[in-house]
Amino acid sequence: MASGLPELSRAMNNQAWLTRSLAAVWHPCTQMRHHAAPGADALPLIPIQRGEGAWLYDFEGNRYLDGISSWWVNLFGHANPRINAAIKAQLETLEHVMLAGFTHQPAVELAERLSALTDGVLGHAFFASDGASATEIALKMSFHYWKNCGKARKNRFLCLQGSYHGETVGALAVTDIALFKDAYAPLTRPSDTVPCPDARQAQAGETAADVARRDARQLEAKLAAENENIAAFILEPLVQGAAGMVMYDPEYLRLARAFCDRYQVHLICDEIAVGCGRTGAFFAHEQAGVKPDLLCLSKGISGGYLPLSIVLCRDEIFQAFYDADATRGFPHSHSYTGNPLACRAALATLDIFVTDDVLASNRDKTKKLHTALSPVAEYPQVRNLRQCGMILAFDVDTADPAFSRRFYRAALENEALVRPLGNTVYLMPPYILNDAEIAHLGKAVQKALTVALENAA
Ligand SMILES: *Cc1c(COP(=O)(O)O)cnc(C)c1O
């Protein structure tokens with residue numbers, strides 16, 4: 001009876017979907033056995049029937065406020081009428097065509113608009129499907145650029161400690177999180193790391209900018225010593241997401257830009273998580289007044305609708321590949337490069353930024369989020385309540401290894417999707433929250449924190 005007919009789907013309840021999913025679907029980044037764990041240790045699996053605005057609904061009518069934008073992708077809510085309409089119109093016009101030898105309106109317009117958002121500095125767009133492949137494209141482009149310039153020895157990459165740039169074998173080379181990396185160490189080509197200027201490291205009397213200047217000296221030393229072998233320095237501007245919402249001062253980006261210029265090393269900004277308005281500016285690097293050589297975008301760019309990633313690069317990089325000789329070109333493609341539906345979703349997303357003046361209204365929401373969450377600072381176990389635009393995080397001092405699962409479960413019971421990274425609880429909500437929804441999130445987080453700490457072993 002495993003029919004996919006919508007009528008049958010609606011008739012099924014949560015339990016039936018859950019059972020079928022656990023049997024057939026291998027869920028991402030999940031120890032599947034946790035779904036079968038007893039009691040408070042259990043990791044819930046919620047079958048979602050539909051979404052509307054910031055809310056997700058299961059098959060039994062329970063609702064969950066999506067406090068983390070469904071893994072940081074959803075900017076303007078689920079089933080957003082404007083994005084829906086744009087995709088439907090595109091669907092009736094052109095669902096897909098290969099992008100080698102052909103081109104189409106959504107890809108051209110999206111490339112032009114992203115170029116304009118970088119003041120024309122990053123004027124060439126290369127399309128892909130997911131964040132990890134954007135990372136790999138940026139690394140390949142950087143290396144191949146230097147090779148085309150007669151500097152093939154520049155074939156190593158530098159990243160920050162705690163960096164996350166994706167989980168494919170190539171992207172793991174510049175990802176520095178043990179959970180993702182260690183098991184595959186024999187398969188990956190390790191990169192060098194330099195310290196992340198985590199603002200939490202500030203000593204008494206030190207500002208976050210002081211930490212940035214201190215750690216930038218190590219970056220400079222590394223580049224001075226090894227620039228002949230280093231193609232690029234890749235970082236997540238201002239916030240290292242997967243590391244646990246590690247925040248740092250824009251001063252580090254300014255210095256990184258200056259040192260990369262001095263030592264002839266590309267600066268790659270991975271704005272897959274922090275781009276699209278998340279930190280307060282459209283691109284996080286704008287807050288440092290600098291531009292990268294290569295910029296990776298994904299996640300929010302399609303509004304959370306369809307897999308899409310884009311690597312933007314400077315004209316100088318593009319020109320190094322522009323030649324009669326095919327081997328000097330960029331031999332990278334994927335079957336769905338520049339998919340028109342995904343590009344159309346991205347254009348609709350960019351339209352909303354303009355028509356709704358989203359960056360301005362987010363400034364107001366940023367303050368309200370802070371107010372709604374500030375009571376958590378009263379908990380004796382809460383440390384480092386911090387915020388960067390529409391990202392808010394705090395650390396919980398507990399030795400309970402199941403804290404994150406307990407919290408996640410308790411949040412769901414309070415109608416909120418909030419899924420901590422280890423002991424770091426964070427919110428990264430869609431930009432459409434109203435005041436009542438912000439208050440709801442604040443209350444749900446406090447209740448979940450109380451329950452998770454009470455139940456700790
Ligand atoms: C999510 C993420 C990626 C990887 O994107 P996927 O689409 O999951 O492959 C890369 N870099 C950063 C900073 C991310 O947050």
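This is a predicted model: local features need pLDDT of at least 70, side-chain atom pairs count only at pLDDT 80 or more; totals for chains, interfaces and linings use all residues.
1. The structure holds one cavity of 30 Å³ or more, and the largest cavity has a volume of about 40 Å³. On a 1 Å grid over the protein atoms alone, a cavity is a set of points where a 1.4 Å probe fits but cannot get out; the points are joined across faces, edges and corners, and a volume is the space filled by probe spheres set on them. Residues are numbered from 1 along each chain as its sequence is written, and side-chain values use heavy atoms, with hydrogens and water left out. Local features need pLDDT of at least 70 and side-chain atom pairs count only at pLDDT 80 or more, while totals for chains, interfaces and linings use all residues.

2. What lines the largest cavity? The lining (residues with an atom within 4 Å of a point) includes Trp72, Leu75, Glu271, Ile272, Arg278 and Lys299. Its residues divide into five nonpolar, three polar and three charged. Here Ala, Val, Leu, Ile, Met, Phe, Trp, Tyr, Cys and Pro count as nonpolar, Asp, Glu, Lys and Arg as charged, and the others, Gly among them, as polar.

3. Trp72 deserves a look for its backbone too. Tryptophan 72 has a positive phi of about 75° although it is not a glycine, and tryptophan 71 has a phi near 65°, also positive. Most residues other than glycine have a negative phi. Tryptophan 72 counts as buried because its relative accessibility is 8%, whereas tryptophan 71, at 39%, counts as partly exposed. The cut-offs are under 20% relative accessible area for buried, over 50% for exposed and in between for partly exposed (1.4 Å probe, protein chains only).

4. Now the open space. The second largest pocket has a volume of about 810 Å³; a pocket is an open set of points with protein on both sides within 12 Å along at least five of seven lines. Of its 29 lining residues, the closest to the centre are His27, Leu45, Ile46, Ile48 and Tyr408. H2 (14–24), H3 (69–72) and H13 (403–413) each supply at least two lining residues, and the largest share, five residues, comes from H2. The lining divides into 20 nonpolar, seven polar and two charged residues.

5. The domain assignment gives domain 1 (5–58 + 357–454) and domain 2 (83–355), with bounds that come from an automatic or database assignment. Their C-alpha centres lie 27 Å apart. The contact (heavy atoms within 4.5 Å) takes 20 residues from domain 1 and 22 residues from domain 2.

6. Where does the largest nonpolar core lie? Of its 112 residues, Leu110, Phe233, Tyr252, Phe407 and Leu449 touch the most other members. Such a core is a set of buried Ala, Val, Leu, Ile, Met, Phe, Trp, Tyr and Cys residues joined through side-chain atoms within 4.5 Å. Helix H11 (residues 340–355) gives the most to this core, with 10 residues. Domain 1 and domain 2 both give residues to this core, so it lies between them. A second, separate core of 25 residues includes Leu139, Tyr145, Ala231 and Ile272.

7. Lastly, histidine 34 sits in the loop between H2 and strand E1 (48–52). Histidine 34 touches Asp41, Ala42, Leu43 and Arg405, not counting residues up to four places away in sequence. Histidine 34 and arginine 405 are 371 residues apart in sequence and 9.1 Å apart in space, C-alpha to C-alpha.

Conventions:
Helices (H or I, at least four residues) and strands (E, at least two) are DSSP runs, numbered from the N terminus.
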